[in-house]
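Biologist: Hi! Could you walk me through the aromatic rings and then the contact between the chains?

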There are 2 protein chains.
Amino acid sequence: MQISSPQPPLPADDLDLLDRYWRAANYLSVGQIYLLDNPLLREPLKPEHIKPRLLGHWGTTPGLNFIYAHLNRAIAAQDLNVIYVCGPGHGGPGMVANTYLEGSYSEIYPDITRDADGLRKLFRQFSFPGGIPSHAAPETPGSIHEGGELGYALVHAYGAALDNPDLIVACVVGDGEAETGPLAASWHSNKFLNPAHDGAVLPILHLNGYKIANPTVLGRMADPEIRSLFEGYGYAPLFVEGDEPQAMHRQMADALDVALASIRSIQQNARQPDAVIHRPRWPMIVLRSPKGWTGPKEVDGLKVEGFWRAHQVPIGNPRRNPQHLALLEAWMKSYQPETLFDATGHLAPELQALAPKGARRMGANPHANGGLLKRELKLPDYRAFAVDIRSPGETIAEATREFGKFLREVFTLNEATRNFRIMGPDETASNRLDAVFDVTERVWMEGIEPYDVHLAQDGRVMEVLSEHLCQGWLEGYLLTGRHGFFSCYEAFIHIVDSMFNQHAKWLKVARELPWRRSIASLNYLLTSHVWRQDHNGFSHQDPGFVDLVANKKADIVRIYLPPDANTLLWIADHCLRTYDRINVIVAGKQPAPQWLSMTDAATHCDAGIGIWSWAGTGPADAEPDVVMACAGDVPTLETLAAVTLLRKELPELKIRVVNVVDLMTLQPAKEHPHGLSDRDFDSLFTTDKPVIFAYHGYPYLIHRLTYSRTNHAGMHVRGFIEEGTTTTPFDMVVLNELDRFHLAIEAIERVPGLSVSAAAVKQKFRDALIAHARYIRAHGEDMPEIRDWVWQNSAGGTTPVQAGD
Amino acid sequence: MQISSPQPPLPADDLDLLDRYWRAANYLSVGQIYLLDNPLLREPLKPEHIKPRLLGHWGTTPGLNFIYAHLNRAIAAQDLNVIYVCGPGHGGPGMVANTYLEGSYSEIYPDITRDADGLRKLFRQFSFPGGIPSHAAPETPGSIHEGGELGYALVHAYGAALDNPDLIVACVVGDGEAETGPLAASWHSNKFLNPAHDGAVLPILHLNGYKIANPTVLGRMADPEIRSLFEGYGYAPLFVEGDEPQAMHRQMADALDVALASIRSIQQNARQPDAVIHRPRWPMIVLRSPKGWTGPKEVDGLKVEGFWRAHQVPIGNPRRNPQHLALLEAWMKSYQPETLFDATGHLAPELQALAPKGARRMGANPHANGGLLKRELKLPDYRAFAVDIRSPGETIAEATREFGKFLREVFTLNEATRNFRIMGPDETASNRLDAVFDVTERVWMEGIEPYDVHLAQDGRVMEVLSEHLCQGWLEGYLLTGRHGFFSCYEAFIHIVDSMFNQHAKWLKVARELPWRRSIASLNYLLTSHVWRQDHNGFSHQDPGFVDLVANKKADIVRIYLPPDANTLLWIADHCLRTYDRINVIVAGKQPAPQWLSMTDAATHCDAGIGIWSWAGTGPADAEPDVVMACAGDVPTLETLAAVTLLRKELPELKIRVVNVVDLMTLQPAKEHPHGLSDRDFDSLFTTDKPVIFAYHGYPYLIHRLTYSRTNHAGMHVRGFIEEGTTTTPFDMVVLNELDRFHLAIEAIERVPGLSVSAAAVKQKFRDALIAHARYIRAHGEDMPEIRDWVWQNSAGGTTPVQAGD
């Protein structure tokens, strides 16, 4: 590693101040876990000063405080722009203590004053009903990362650093978290970070050796193996190891200076005009310090400091056990609070002076409240990308390919601000969004060969075969105030179910905090969906992600199923304009008939649901015999084909076609802001006529959304019933009984009093299914009349497009 | 690396035979992708010989075939017991080709004969409707691993090797898959493999450089970095690199001999009497070979071999483009099929002689059809672990702690056969299953310190902070014929949603294959559940996993919510006796009132649902005014408390209490084998009385399961509505309106014609909620009368336990 400008070694006095600052943070951390009152220990500690329920985690905290103090020093000395991503679970006491010490906490929460009364409240609120959680969370100033579910600290850090050339993201990775899959893959994010245009991530692997009740895998690996592992990942590790505070302060200050100098050197080199950039070997710090460092060495004769017993609350029962009470008091007094805080509870001025000032404080850095820095995404007029539709079904187009052209313009319009990226697991082209490669490339910091295509060091498309990394990078990018899109195979988005959950939880809590500014929505485009896995088969067939999404708070989530290209364009444009939400769009990529002109698409999507009067039979204003409802591109196609069959065979049948784009319209208005009123719902679905509902996913979701509607007993939903294999597109819908023939047969069966010919018609449809099965097994493809089927209106011709409803 | 017995170098003739065998496999692989007919190319290739839809993947296949041929050689030469885990997606053609060549395919599928007619069928069925998928799958002989969703090859391999001391699991990891999080963490599995008692995993990292449309991260890393990375992971990498077949055969044969000698040496050393074992440095092979090796170098002027264009079907249109047809014919003929197969399509005898014999063939190894080797799990009498219940609610116990005692005996009874393990992310003790540590330990191959507890090199509890590894190890263990259990925090089981999906799909397909023998069910114990995250808060609160589970095929999945210890014991015993299923048990770990004696628990669990007549009010045989239903431990407690409140305040109200243990009983009998008939359902829930249903998870699931029942309109479900934080247990249920007061108020509101005092009673309950809120904010804990509430019967005393229904 070439170091251009190491800092001079720290004077001993500075080290002493650092140590006092660290002790103050440790003192406040212990206080949060234990104390209801007597925050400065100015009177002897008594049982009534202790919280009745001791909930919190000490183990990781002193290490986190140690790092925070050292980062403060470096930020102040070098005027750095740094945020702190706190990976270890339950690091909350430390993050709260430090933002309190630097003053950012009290600015956001004025009730928590910087005096003895504020200290008392600070202690009391922690892990207390109505208070704050025990890990870094949306409530924590300076945080973009929840220390709840582990695994995503480093990928969030990289997402934050992208396109923020002056930002350094200090990311503490706990050795527990380091065992998770997503974290293990996240180290490779350095292959996607451009030192010229992006900021830096400084990973600090904090090996304190233990999890809840076990040693950690990385903690027990010897240094040479750790060094080898992280050099293999492409880093230059700096080791800081020990337990003696003074020596550790010296080591850490040196290591941090070397790391920061290395970052500066890498960036300066890369930012020279005409610089040729090779992926740099970024620095990282490996900090080995005892779990529960500076806490009690033993409790009740059992080892605590440097062991997993320090994980949560090291001294278990100070309220009822006098020895425990005395031990706690001795522990807290070992930090010498009287030397840290004055009699009124104010932090000593010389310690206050150590913290960075204003927005340089990590608790006040605007990057950690990204909405503050957010610039509106510039969007082109989606109407300019409209697929020309003269009559429904006549034009064939690939919905995502058209959307790709729109995305291309989004890149162009926002090129200067560099605040838009798309992520995908190696599927941008496969998902037919490749128009974007007209104006940008895939980012790639490894070597690029002459025959490679669409790779560049400054590309804005991020592809890696890890849905975890795609999701995590995007989350980090959005949380720091930018915009983006994640396109993914529908089945494999389940890989990030839990990350989706956690992000939805973050948004829910963040929206309740007035000081947190809105961030751009997380937008998913799920394509290569369940119905078109012609060569991938059963393992790639799962439409259940939206079921998970529908469990989350109504004001956070939206689910859209645009049936064609123009509806996809409208919906995607809409989603990119929203904030603080998670939008899920499920759309096809295969050539498919197009139904709505852009004008009609806008009307239809704005309503979210509507009658397609041009597609029904019988007088448009008549009460139908049956409602054929559909949601999703393939179900829409099969529904319209079923109507065609029925119109020909049973012309007297009055069919209403209802198409659903916005799935949330089906819910009652009181449960979701997009939900239809019961009156509107009834006017679409009738109160008593059979509804044959062809749905893209698992049919239960439709029942769940509509169970309280008047006509729920009349809803007959078909969807994916977990039957799949490698087969033709039409065979897939047949296997799941979602095809035109099954739909038409069910319509006949559900409508009472049909003519005697209905039975013969049903038989005819059943025969068609048998013929289909024979044909594909003989020929390996769908029958031409099904493959090439085209919608025709009742006169046997095409119908000019008109407004849906 | 100490190599005790390297093999002598291979004679040139042997290398030539190997190369011919490899060419045969490559020929068969290409044939599967392209040919409908003319399998031996004995006549000129014509368009009608080509499949109409070309679906399949060539890119990874020649490398997989190369490895297979070399493993065959080593197995035959050294009489090894080896299975092949094929990680790369879409490696199907290669696995099918090789099992066909060795004869195991035709033994399982006698219709696919080892002659020209069989070859024709073999080719035709691939990626053909009704045929076989394009990746290794349950249909593939010798496979325990689906090459669909990527990331789990290596963790499956380790799961298979555990407790199989003579088995070598050769695991090919593609460089695409290597980018995923689960795979990146899986390399650390070597810290949990004991060379004395377990078999070996031989990872073969196959760097062919490209994914679908991108280079791979590991493929572009230079050898020193790859070496450093894998040495850091604890392996000794052996490099095999190039594209010239003869040189590559020589390198690969040598590398494999070195690796196998190293494995033998490690195992021999570890298996000496009194051997002191340090974690060995296991060998691995890094194979760099071109993507689409031996395929066309260019097509239409664009680079194919050694590039991502070789990923799927390299020559796109041989049916309509004569140049493509000629190119395909030349490619296939380059393998010289006439030198590999005789005129009738039989593989040349000297090539047949290369394959191992009988069960040594990797397609016939019984470990890859684990049901063949499965031994019944010995289970103790669960009744011996019964919690003594004199009257409902009087005894307090921790359900999982009691179950832990049962598990301890399971370990003891199956110690000799070493075929039972439990997995968990560092939570076995936290989940209060620690009785198991009386008889076994956590397995740990890193250093063990004197103060460590419950760590041992031969422990049978596997803990790592990665749900992916826990799930994957267990899957591999079960698929090879053993038994196990995965206990996990309820919220974080979502991390493995997608792995669950894939395992459910595997089971569904495997059950349809008569040759696949039943394997033990995958059993989840979800504890530390949504209602008791007192110190973890919102990020740890998500009960949605069961919603995902309920989407899967009814004959695969079961969901149980035992309300106390005795019901948990019965259910867990039951689950451990089942096969080919996924059983999900959600149970509490906190001290809680116990309701049913073991006799009653057995009756209740056997039915899955029942009336708790002792808990209701009014005459037992009377039609109730209201049904109070509950599922889950906390909802059951709150329901019984609500009944107590109502009984006191409105003694005239006739309440029936229904408890649900087996959630699938709620579904119609036609949809799930455990589903109640409509008649039975109506007799429990009435056809018209209000049902106040307190449910453990998201309330929608109950609506979804019951929407077609007579009294569905009367079902009022309360559950988790995504409101959570760090707070007291009772405050959590209040936040979600699932508490006794909300339940009682709703009962009053739903029952028509109650006495005038009902309004006053409701107000009293509302006042109690306000008092509760004030109390916990002042004291930080629940009011004593709520915390210490005890069930009392209508006489104000306790009720002797009697059968539930």
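Modeller: Happy to. In this predicted model, a search of the whole structure finds 73 aromatic pairs over all chains. Rings of Phe, Tyr and Trp (its six-membered ring) pair if their centres lie within 6.5 Å; planes under 30 degrees apart are stacked, over 60 edge-to-face, and the rest tilted.

Biologist: How do Tyr34(B) and Trp331(B) pair up?

Modeller: Edge-to-face, with 6.1 Å centre to centre and 80° between the planes. Tyr34(B) is in helix α1 and Trp331(B) in helix α10, 297 residues apart; helices are DSSP runs (H or I, at least four residues) numbered from the N terminus.

Biologist: Are Tyr34(B) and Trp331(B) buried or exposed?

Modeller: Both Tyr34(B) and Trp331(B) are buried, meaning under 20% relative accessible area (1.4 Å probe, protein chains only).

Biologist: Switching to the interface: how much area do chain A and chain B bury between them?

Modeller: About 9,700 Å², 56% of it on carbon and sulfur atoms. That is the accessible area (1.4 Å probe) that two parts lose on being put together, summed over both.

Biologist: And how many salt bridges go across?

Modeller: The rule finds 16 across the interface of chain A and chain B, each a side-chain nitrogen of Lys or Arg within 4 Å of a carboxyl oxygen of Asp or Glu. One joins Arg279(B) to Glu225(A), at 2.6 Å, N to O.

Key
Residues numbered from 1 in each chain as written. Chains lettered and ligands numbered in written order. Predicted model: local features only at pLDDT ≥ 70, side-chain atom pairs only at ≥ 80, totals over all residues. Heavy atoms only, no water. Helix = DSSP H or I, 4+ residues; strand = E, 2+ residues; numbered from the N terminus. Buried < 20%, exposed > 50% of the residue type's maximum accessible area, 1.4 Å probe, protein only.
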